Amino acid sequence: MSDLINWFEIPVNDFDRAETFYNGLFEIELERTVLNDATYGNFPRTSRSRNQVGGAIVKGGQNNPSSTGTIVYFDVTGEMEAVLNRAERLGGKIEVNRTLIDVNRGYFALIHDSEGNRVGLFSEE
């Protein structure tokens with residue numbers, strides 16, 4: 001079996017604001033698509049392999065941003081401090097600053113995105 005996780009969706013209310021937040025946070029360009037009545041901002045993948053986890057910000061359907069639901073962790077190894085600084089600059093909030101998990105596991109941080117979702121950051125260093 002490949003990775004158990006295949007896809008994740010982060011619900012948003014203001015698509016343009018959330019798109020600006022995530023594009024700036026990770027210095028990427030989300031790929032905007034529309035499917036049925038929902039707008040998706042797909043996070044870039046290094047390949048289109050079915051074995052690679054994918055995800056998107058999504059406006060539409062019955063999804064609502066939440067600070068109490070499932071937390072998605074993004075790998076920001078080597079860029080944790082820069083990403084935390086950008087989060088605040090882009091209207092996000094830091095809940096838990098860079099924190100050591102374990103000497104052999106790395107670090108984590110928790111932020112709230114522009115929509116109020118709780119999002120995790122992970123770094124090996």
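Start by selecting Glu-115: with a relative accessibility of 10%, this residue counts as buried (buried means under 20% relative accessible area, exposed over 50%, and partly exposed in between, with a 1.4 Å probe and protein chains only). Before you click further, know that this is a predicted model, where local features need pLDDT of at least 70 and side-chain atom pairs count only at pLDDT 80 or more, while totals for chains, interfaces and linings use all residues. Residues are numbered from 1 along each chain as its sequence is written, and side-chain values use heavy atoms, with hydrogens and water left out.

**Stop 1: around Glu-115**

Glu-115 sits in the loop between β7 (106-112) and β8 (118-123). Helices (H or I, at least four residues) and strands (E, at least two) are DSSP runs, numbered from the N terminus. Now show the side chain of Glu-115 and look for the backbone nitrogen of Asp-14, which that side chain reaches at 2.9 Å. The side chain of Ser-114 joins that of Glu-115 too, through a polar contact of 3.0 Å. A polar contact here is a pair of N or O atoms within 3.5 Å; within protein, one must be able to donate a hydrogen and the other to accept it, and residues adjacent in sequence count only if both atoms are side-chain atoms.

Which residues is Glu-115 in contact with, leaving aside its neighbours within four places in sequence? Select Pro-11, Val-12, Asn-13, Asp-14, Arg-17, Ala-18 and Pro-65; contact means heavy atoms within 4.5 Å.

Next, pick Arg-17 from that set. Its side chain meets that of Glu-115 in a salt bridge (2.7 Å, N to O), the term for a side-chain nitrogen of Lys or Arg within 4 Å of a carboxyl oxygen of Asp or Glu. Arg-17 lies in helix α1 and Glu-115 in the loop between β7 and β8, so the pair ties together parts that are 98 residues apart in sequence. Arg-17 is partly exposed, with a relative accessible area of 42%.

**Stop 2: Asn-117**

Stay in that loop between β7 and β8 and select Asn-117. Buried or exposed? Asn-117 counts as buried, at 5% relative accessibility. A polar atom of its side chain lies 2.7 Å from the backbone oxygen of Pro-11. Not counting residues up to four places away in sequence, Asn-117 touches Ile-10, Pro-11, Pro-65, Ser-66, Ile-111 and His-112.

**Stop 3: helix α1**

Select residues 15-26, which make up α1. At 1.5 Å a residue, its 12 residues should span 16 Å, and the end C-alpha atoms are 16 Å apart, which agrees; the expected span is 1.5 Å times one less than the number of residues. At the start of α1, a side-chain oxygen of Asp-14 comes to within 3.3 Å of the backbone nitrogen of Asp-16. Colour the buried residues of the helix, among them Phe-15, Phe-21, Tyr-22 and Phe-26. Just after α1, Glu-27 takes a positive phi of about 55°.

**Stop 4: the sheet**

Now bring up the open sheet of 4 strands, in the order β1-β4-β3-β2, with mixed pairing. β1 (7-11) and β2 (31-35) stand at the edges with a single partner strand each, so one side of each has no neighbour in the sheet. Strands pair if DSSP finds at least two bridges between them. Over 5 bridges, β2 pairs with β3 (residues 38-42) in the antiparallel sense. Click on Thr-33 and you'll find Tyr-40 of β3 opposite.

**Stop 5**

How many salt bridges does the structure hold? There are 6. Go to Arg-86, which forms one with Glu-27, the closest N and O atoms being 3.5 Å apart. Arg-86 lies in helix α2 (residues 80-89) and Glu-27 in the loop between α1 and β2, so the pair ties together parts that are 59 residues apart in sequence. Arg-86 is buried, with a relative accessible area of 7%, whereas Glu-27 is exposed at 58%. Glu-79 also forms a salt bridge with Arg-86, with the closest N and O atoms 3.9 Å apart, and Glu-79 is partly exposed at 39%.

Technical notes
Axes are lines fitted to C-alpha atoms, for helices over the stretch in contact, and angles run from 0 to 180 degrees between N-to-C directions.
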